[in-house]
Amino acid sequence: MYRHLFKLIWNKRKQNFLLMSEMLVSFLVLFAVFTLLVYYYQNYKKPMGFEYKNVWLVNYSNGDKIHNGDSLKLFYETLKREIRAMPEVKDISLSSSNVPLTQSMIQNGFFYKGKETNNVNTYQVDDSYENVLQMKMLEGRWFNKTDAVTNTVPIVINSSLKEEVFGKEQVVGKIIGDDKAKKQIIGVVADTKFKGDYEASGMASFSRIDSSSIHWMGKMLIRVTADAGPAFEGRLYKKIAGYIENSNVEIEHLINKRKSINYFALVPMIVLSIVSCFLIINVALGLFGVLWYNINRRRGEIGLRRAIGATGRSVASQLVIETMILATFSLIIGAFFAVQFPLLNVFDLSTGVYMTALVLSIIFIYLLVLVCAFYPGRQAAAIYPAVALHEE
Amino acid sequence: MIRLQNIEKVYRTDTIETLALNSISLDVDKGEFLSIMGPSGCGKSTLLNIMGLLDAPSKGDVRIGDQATLNLSDKQLAHFRNKKLGFIFQSYHLINDLQVLDNVELPLLYRNTTAKERKQLATEALEKVGLSNRIKHFPTQLSGGQRQRVAIARAIVGRPEIILADEPTGNLDSAMGSEIMEILIQLNKVDKTTIVMVTHDENMANKTHRLVRLFDGAQVQ
Amino acid sequence: MLKNYFKIAIAVLKRRKFFTFISLFGISFTLTILIVLTAFIDKVIGDDYPDRKRDRSLYIVRMEEVGKSGHSSTTPSFSFLDHYAGSLKTPEKMTIFSRYNGTNTYVNNKKIAINYKYTDANYWDILEYQFLEGKPFTQQQLDNREKVAVISADMKKEYFGNIPSVVGKYIEADNVQYRVSGVVKNLPVTSYMLYSDIYLPYTISKSDYKDKSYRGDYMAILLARSKGDLSKIHNEYEQLVSKVPMESTEFDQIISHASSYVASYVDTGNEKKSGVVYVLTAIGSFVFLFMLLPTLNLVNINITRIMERSSEIGVRKAFGASSRTLVYQFIVENIILTLLGGVIGMILSLLALYFINELNLIANLELTINFTVLLCGLLVCLFFGLLSGVYPAWRMSKLNVVNALKAK
């Protein structure tokens, strides 16, 4: 029977061409949308890796002209001590501009045994950073005061970077970097979704702020108690603005930053989903119309098949299967294009994401075709052979 | 072979009731070649449809062979038609998107056969109607007479005991018509196939064993 | 003849309600999405409040220093713009203003986030902000380093509440008290070059605007005497920049352009990637992919519609209609259908825009349908109608009379 249907479809290839190309394009659109959705969902399922509640972000401009790095360090140490002394403050850390839940990014290469790994987020932070954000150490330890006197620069990496570069190897104590700048890994920290709930954590390496980089710092992260309110925020603001003269200061809450960064991820996703929903409805209606018309055009054929021994059910299933075979052809071509994405690594997504999206869109197309062919198929089954055969 | 008893067929629409067949009783013997004649709209096609189990009578009983057909399900009917009956139509009803051989194989698809068997049986049937050199053609590439011969091959490929032909020569000129008629007569003589044929053509009807005339749904001869 | 076509078309569309519905659904929905997109783009880069003299303005928003080991791209500093762009001969006027930055203020235990921008006095001449009350600060106030501010209507409402006039009152931001000199109409944040909550004289800026470093926080607009001067100014600035001495030995090239609004709006910050090309490709491929599916669908439906009527076409041909008249008739029918879909699409777009505006996704971004958007919609409609009608019509003209008559 299948061979028979293949022949029928092949001989009608000219008529079926448009129908197939429509299914193909629908598949590609669905594949794109599902890839995005699966990617977002996979990231969404992963733990955040840090605690953003009750963490405030202070943006300040480095107004004071202290040119000596060590003096500047002292200057900030004093400020931090004063802030830490406030009862509502649990801990405070300076940070480079790429603070969590903002769009700001700093990426560098990571050198190990002469091989460079690109797109590694590099963060420059204080010893208290881990405590402020309550990150999880997996191996080794976070920075502390003793690191100030070591010869090699200590760094902490996250588990994504560890997996990418070292796999299952033991990494604590390893020396990395080129001859000019040797660094030692002292710890591995769990992945943190710094770009919001829906983005991957990416690879990251952390290092301590030193007396040269402190000139470029412009952010502070402060962990406060749960009951710290606007009155305290006002006082904190006055303290910082009064201490760093000639500076523009702004305080934001990470909890709000998370909302807005998620919003930026979600809005395009929602718009895309709505648009593709309508596209699919559009395609479904069109498919339904064409199939329905085809049934009417083939009444004679259907009547004949009934006369020579096909049951109503087999006529209906023939039509559904015919459409499914058409869909299969489109899907094979579509899948060929789709697998190029993981093969050529077009976007930086894992193969699993593509494969899940591929399977989902194949299932979706089959369901769509099934639904669209079902009613016309039932109509065909209801055709009365005695009538259909005498119409012409 | 076919026994019709007190067949009545009523078509109902919202406003009118039409009596298409009025208490028809008819016996067709095994190996008989019967023709049915009558003016347009006299109910001959309806009668043929009822014999072919494509349509159910409003009243009365149809027996084919020793099988009562009244309470058969859609599936059983389909199976029965497939095994016992072959159909030929005035407008051939070939599937234009399939080649001649595939068209002839069609009835075999609805029973358990292998592709090889199907091909063999279909080729044999086409030989019988003298079209073995046309098996790769599409129906649209054939003349009317050739198309009807393909339809006959399709009707006989499943070796049915009965062939029902609805004006098989109606769309053909007289030479081609005679050719088709000759094939049917041979089938009846050689293979002992029972044939019931509806026709307009007195000449064709005269070549058959028996003639039944219908007028306004009733048997007049 | 056209009237006749029209009558037949309407009759046909009425007869085949389901197919008409599918076609209309596809067309109107596609159009709705495209109109919303156009309205958005039009609003974001086409809205000329407050820079109404956009057509004779050039914008300097970026300065790139390129060296062997890397490059740095950011906004130029005040002194760079003042010293170099300020020395240009051709422009009629120039204004220098900072990017917007955030700060807070705390009123009655309530926190207010404030975006501030430093400007010069020319800013208020070149840009035609609509003053709801008061007036801009003057050159003299600027020179005297007076702590005055122009604030936005939103800021007024948030800081002072619903009071009729705030001119002369004080607003505290960043630990400093500023006297309000005027209130201007709101801008959406998408006009990122000019958007702010409060506008302050650059002379009271906390960071040292006299800093001689090239990199900074400022942008400039050059106003030409006439449109004809634009390319002259562009070239003059280009030449000037090429002669600017390097800031450090790290770099061997300085790049900065005075370009049109659109080009500077979509600037990618990288000389090698043209923002205009990038944005055009992105929008173009989205629109293409997005329209491909409904078009295919429509072509499919149209072919089905034609084939269904093949016997009618056969009869018409048999009675002497030429293929050409039939094709015309079909295309007219299809264009009527698309225009009908277009009208429905317009209504849907109005609804969609209303909802989007209600949701207030981006503050002060009021999307409207204007003449440009309508024209775009109409063009898209006609294009759609022709595209989806031509191939089926061609198929129709090939239809064989005999077969068409035979097939039912």
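Which residue in S9(A) stands opposite Gln124(A)? Gln124(A) faces Ser207(A) there, and the points below set this pair in its context.

1. Basis of the note. This is a predicted model, in which local features need pLDDT of at least 70 and side-chain atom pairs count only at pLDDT 80 or more, while totals for chains, interfaces and linings use all residues. Residues are numbered from 1 along each chain as its sequence is written, and chains are lettered from A and ligands numbered from 1 in the order in which they are written.

2. Strand S9 of chain A. Helices (H or I, at least four residues) and strands (E, at least two) are DSSP runs, numbered from the N terminus. Two strands pair if DSSP finds at least two bridges between them. Strand S4 (residues 115-125) of chain A runs parallel to strand S9 (residues 203-208) of chain A, and six bridges join them. Strand S6 (residues 153-158) of chain A is antiparallel to S9(A), with three bridges. Ser207(A) in S9(A) stands opposite Gln124(A), and Ile155(A) also stands opposite Ser207(A). In general, strands of a sheet pair through backbone hydrogen bonds, either parallel or antiparallel.

3. Domains of chain A. The domain assignment, whose bounds come from an automatic or database source, gives domain 1 (2-46 + 261-388) and domain 2 (62-247) of chain A. Their centres, taken over C-alpha atoms, are separated by 50 Å. Two residues are in contact if their C-beta atoms, placed from the backbone, lie within 7 Å. On this basis, seven residues of domain 1 of chain A touch eight residues of domain 2 of chain A. On the domain 1 side, H2 and H7 of chain A are the elements that give two or more residues. By class, that side has four nonpolar, two polar and one charged residues. Here Ala, Val, Leu, Ile, Met, Phe, Trp, Tyr, Cys and Pro count as nonpolar, Asp, Glu, Lys and Arg as charged, and the others, Gly among them, as polar.

4. An unreviewed UniProt entry places the feature "transmembrane region" at residues 21-41, 263-294, 315-341 and 353-375 of chain A. UniProt positions are given in the numbering used here, feature names are shortened, and annotations may be inferred rather than shown by experiment. In the model, residues 21-41 of chain A are 100% helix and 0% strand, with end C-alpha atoms 30 Å apart. Residues 315-341 of chain A are likewise 100% helix and 0% strand, and their end C-alpha atoms lie 40 Å apart.

5. Contacts between chains. Of the two pairs of chains in contact, chains A and C share the most contacts. No contact joins chain B and chain C, and their closest C-alpha atoms lie 10 Å apart.

6. The sheet of chain B. Six strands form an open sheet in the order S6-S7-S8-S3-S9-S10 (chain B), with mixed pairing. Strand S6 (85-89) and S10 of chain B stand at the edges, each with a single partner strand, so one side of each is left without a neighbour in the sheet. Strand S7 (residues 162-166) of chain B runs parallel to strand S8 (residues 194-198) of chain B through five bridges, and Leu164(B) has Val196(B) as its bridge partner in S8(B). Strand S3 (residues 33-37) of chain B is parallel to strand S9 (residues 210-215) of chain B, with four bridges; Ser35(B) has Leu211(B) as its bridge partner in S9(B).

7. The hairpin of chain B. Two bridges join S9(B) to strand S10 (residues 218-219) of chain B in antiparallel fashion. Leu214(B) stands opposite Gln219(B) in S10(B). Two residues lie between S9(B) and S10(B) in this hairpin, and Asp216(B) in the turn has a positive phi of about 50°.

8. Helices of chain B. Helix H1 (residues 44-51) of chain B lies across S3, S7, S8 and S9 of chain B, at about 155° to S8(B). Axes are lines fitted to C-alpha atoms, for helices over the stretch in contact, and angles run from 0 to 180 degrees between N-to-C directions. The axes of helix H3 (residues 100-109) of chain B and helix H5 (residues 144-156) of chain B come within 7 Å and cross at roughly 35°. The residues of this contact of H3(B) with H5(B) divide into six nonpolar, one polar and one charged.
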